[in-house]
Amino acid sequence: MKPMLRQACCLFLVASLLLQIVPAAMAQACLSGNPDSGSLAAVRTELLEARRLLLEESGGKKSQDAVAPLDRAKKLAAGGDFAKAFSGKVHAFRADLDKARLKVLWNDRDEALAIVNRLLGLLDYAPPKGVPPCPNPAGNGPGAGAMLGATLLAGLGALVLLFFTGQVSHR
């Protein structure tokens with residue numbers, strides 16, 4: 001009776017793990033990005049640097065350092081790769097970069113920070129051109145691959161227990 005119960009438990013474990021793999025594997029399909037999204041990442045990096053500089057509490061002189069990342073972001077946004085990858089209005093995006101730069105130059109850090117945060121939101125939530133939206137955006141984070149690997153490893157362990165372990169008779 002014990003070997004039959006052990007086999008039934010192992011089969012149940014394998015079936016449940018296989019049913020867990022399907023959603024994790026489907027979430028991984030959304031991770032493939034647009035090949036032109038490198039320019040989006042570069043602009044996003046420059047905007048994050050500008051936001052970091054604007055958030056420092058060191059005064060107006062130090063916040064002027066945020067002009068350089070905003071200029072680099074504007075230069076990157078003027079490239080053709082950015083226009084191909086960005087799904088929003090590129091002209092409006094560049095105009096907002098100019099507004100943020102002017103606000104920094106006039107020492108209006110709060111307004112510049114609001115503009116930079118809005119631009120980062122546009123980059124984060126607007127899907128790149130040519131990439132279909134993910135049906136389940138909560139399942140494609142950085143931990144989805146680890147979850148898929150852990151599930152596969154547990155399933156393989158259950159299969160090893162099922163087929164390669166036997167009861168040793170001491171007669």
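These legends describe close-up views of helix packing in a predicted model.

**View 1. Axes of helices α4 and α6.** Helix α4 spans residues 67-77 and helix α6 spans residues 90-105. Their axes come within 10 Å and cross at roughly 165°. Angles over 145 degrees count as roughly antiparallel, and α4 and α6 are therefore roughly antiparallel to each other. The crossing of this pair, α4 and α6, is left-handed.

**View 2. Residues in contact between α4 and α6.** On the α4 side, the contact is made by V67, L70, D71, A73, K74 and A77. They meet V90, F93, R94, L97, D98, A100, R101, V104 and L105 of α6. Sorted by class, the contact of α4 with α6 holds ten nonpolar and five charged residues, with no polar ones.

**View 3. Axes of helices α6 and α7.** Helix α7 covers residues 109-125. The axes of α6 and α7 come within 8 Å, with a crossing angle of roughly 155°. This angle makes α6 roughly antiparallel to α7. The crossing of α6 and α7 is left-handed.

**View 4. Residues in contact between α6 and α7.** From α6, the residues F93, D96, L97, K99, A100, K103 and V104 take part. Their partners in α7 are E111, A112, I115, V116, R118, L119, L122 and L123. The contact of α6 with α7 comprises ten nonpolar, no polar and five charged residues.

**View 5. Helix α6 with both partners.** F93, L97, A100 and V104 are among the α6 residues that meet α4, and F93, L97, A100 and V104 are also among those that meet α7.

Conventions
Residues numbered from 1 in each chain as written. Predicted model: local features only at pLDDT ≥ 70, side-chain atom pairs only at ≥ 80, totals over all residues. Heavy atoms only, no water. Axes fitted to C-alpha atoms, helices over the stretch in contact; angles between N-to-C directions. Helix = DSSP H or I, 4+ residues; strand = E, 2+ residues; numbered from the N terminus. Parallel < 35°, antiparallel > 145°, perpendicular 65-115°, else oblique. Left-handed = near helix turned anticlockwise from the far one by under 90°. Contact = heavy atoms within 4.5 Å. Nonpolar A, V, L, I, M, F, W, Y, C, P; charged D, E, K, R; others polar.
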